[in-house]
Amino acid sequence: MLQYASYRSVKRLDEQGIVFGGTRFSQGPMMAIGDSPLVSILTIVLNAEDTLESTIKNVLSQSYSPIEHIVVDGGSRDRTLDIIKEYEDRIDCWISSTDINTSDAMNKAIALANGALIGMISAGDWYEKDAIAQVVEAHRRNPEAIVHGNCQYWSEDLKPRYIMTARDDTTKFLHINHLAAFTPKTVYQRVGIFDLNFGQANDYEWYLRNKLKGTKFHYLDQVITHMRLGGMSDHNWLLNYHEGTRARVLHGEKPLISYARLAVMVVKTLVRKGLEAFGLNRLVKIYQTKLAAVRKAPYL
């Protein structure tokens with residue numbers, strides 16, 4: 001398997017038959033500008049012809065500069081690659097190859113990133129216009145910390161649903177909105193990249209690993225990212241819960257406690273889904289905004 005470090009080499013990409021492109025290969029890599037650090041935005045994509053373009057445009061419209069946008073495609077069979085190539089003169093770097101899982105794809109993207117600060121955004125999701133500028137300001141005050149914030153969720157037909165807040169003060173209720181988090185590259189170098197044994201809860205395992213290793217977190221209580229519901233984690237919520245349980249056991253929690261927590265989470269989710277099915281959304285909202293360990297605030 002191609003080593004992640006070799007994704008920096010055009011020659012090695014050619015040798016492996018990887019399809020690639022972007023301004024980096026014709027104009028050279030982007031650099032920091034004065035005291036403004038380079039920010040890497042990573043997009044992992046597979047068959048997203050209906051949603052990728054809006055995300056590319058959103059990254060291009062950010063008020064902050066310099067930003068490099070890196071797109072890692074998992075071998076799409078629709079028009080995704082055509083869309084990437086349409087924006088090739090404004091995307092710093094893109095590659096297309098088969099991935100083992102999402103962890104593999106994210107690790108490839110991290111290996112390609114030159115930025116001092118790294119964020120990830122999925123196809124169809126978008127940042128607040130000044131989000132990256134505000135994150136960089138927080139990064140300047142907290143250069144060693146993972147800067148993270150809130151995520152505004154939308155239905156698949158783009159109706160506002162709720163704002164997911166975050167929590168980094170305890171391992172028990174650790175919840176970081178992955179697409180609203182920005183990580184110094186030095187943290188990846190110190191803690192490591194994503195574990196290939198996790199394909200769903202890979203971000204949870206990684207943030208838990210960071211928490212236990214003493215990585216600092218800085219929480220911005222504001223919406224950073226907008227995300228559509230209905231993605232892979234929504235459809236595979238039970239697998240996501242199970243992988244989260246494996247992550248807690250891996251990092252030292254007693255299995256009996258972890259699986260008891262899993263049972264409680266499954267029951268709560270089934271009850272919530274049942275209440276929603278019967279149209280009792282008011283009861284669901286009371287729980288989410290008043291009682292849950294990680295609160296869901298009313299949408300903006």
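## Backbone features in loops

Asn 47 is found in the loop between β2 (39-45) and α3, and in this predicted model its phi is near 50 degrees, a positive value in a residue other than glycine. With a relative accessible area of 40%, Asn 47 is partly exposed. A positive phi is also present at Leu 158, where the angle is near 65 degrees; Leu 158 is placed in the loop between β7 (146-154) and β8, and it is partly exposed, with a relative accessible area of 40%.

The peptide bond that leads from Ser 65 to Pro 66 is cis, with omega near 10 degrees, and Pro 66 itself lies in the loop between α3 (52-60) and β3 (67-73).

## Cysteines and a buried histidine

Across the whole structure, a search finds 0 disulfides. Cys 93 is buried, its relative accessible area being 0%, and Cys 151 is likewise buried, at 2%.

His 178 belongs to the loop between β8 (160-164) and β9 (181-184), yet it counts as buried because its relative accessibility is 14%, which falls under the 20% cut-off. When neighbours within four places in sequence are left aside, His 178 is in contact with Met 106, Met 120, Phe 194, Asp 203 and Tyr 207.

## A nonpolar surface patch

On the surface, a nonpolar patch is formed by Phe 278, Leu 280, Leu 283 and Ile 286, which together have about 420 Å² of accessible area. One of these residues, Leu 280, sits in the loop between α11 (255-277) and α12 (281-291), and it is partly exposed, with a relative accessible area of 39%.

Methods. Residues numbered from 1 in each chain as written. Predicted model: local features only at pLDDT ≥ 70, side-chain atom pairs only at ≥ 80, totals over all residues. Heavy atoms only, no water. Disulfide = S-S within 2.5 Å. Buried < 20%, exposed > 50% of the residue type's maximum accessible area, 1.4 Å probe, protein only. Helix = DSSP H or I, 4+ residues; strand = E, 2+ residues; numbered from the N terminus. Contact = heavy atoms within 4.5 Å. Patch = residues over 30% accessible without salt bridge, like charges linked within 9 Å, V, L, I, M, F, W, Y side chains within 5 Å. Areas by Shrake-Rupley, 256 points an atom, 1.4 Å probe, with all protein chains shown as cover. Salt bridge = Lys/Arg side-chain N within 4 Å of Asp/Glu carboxyl O.
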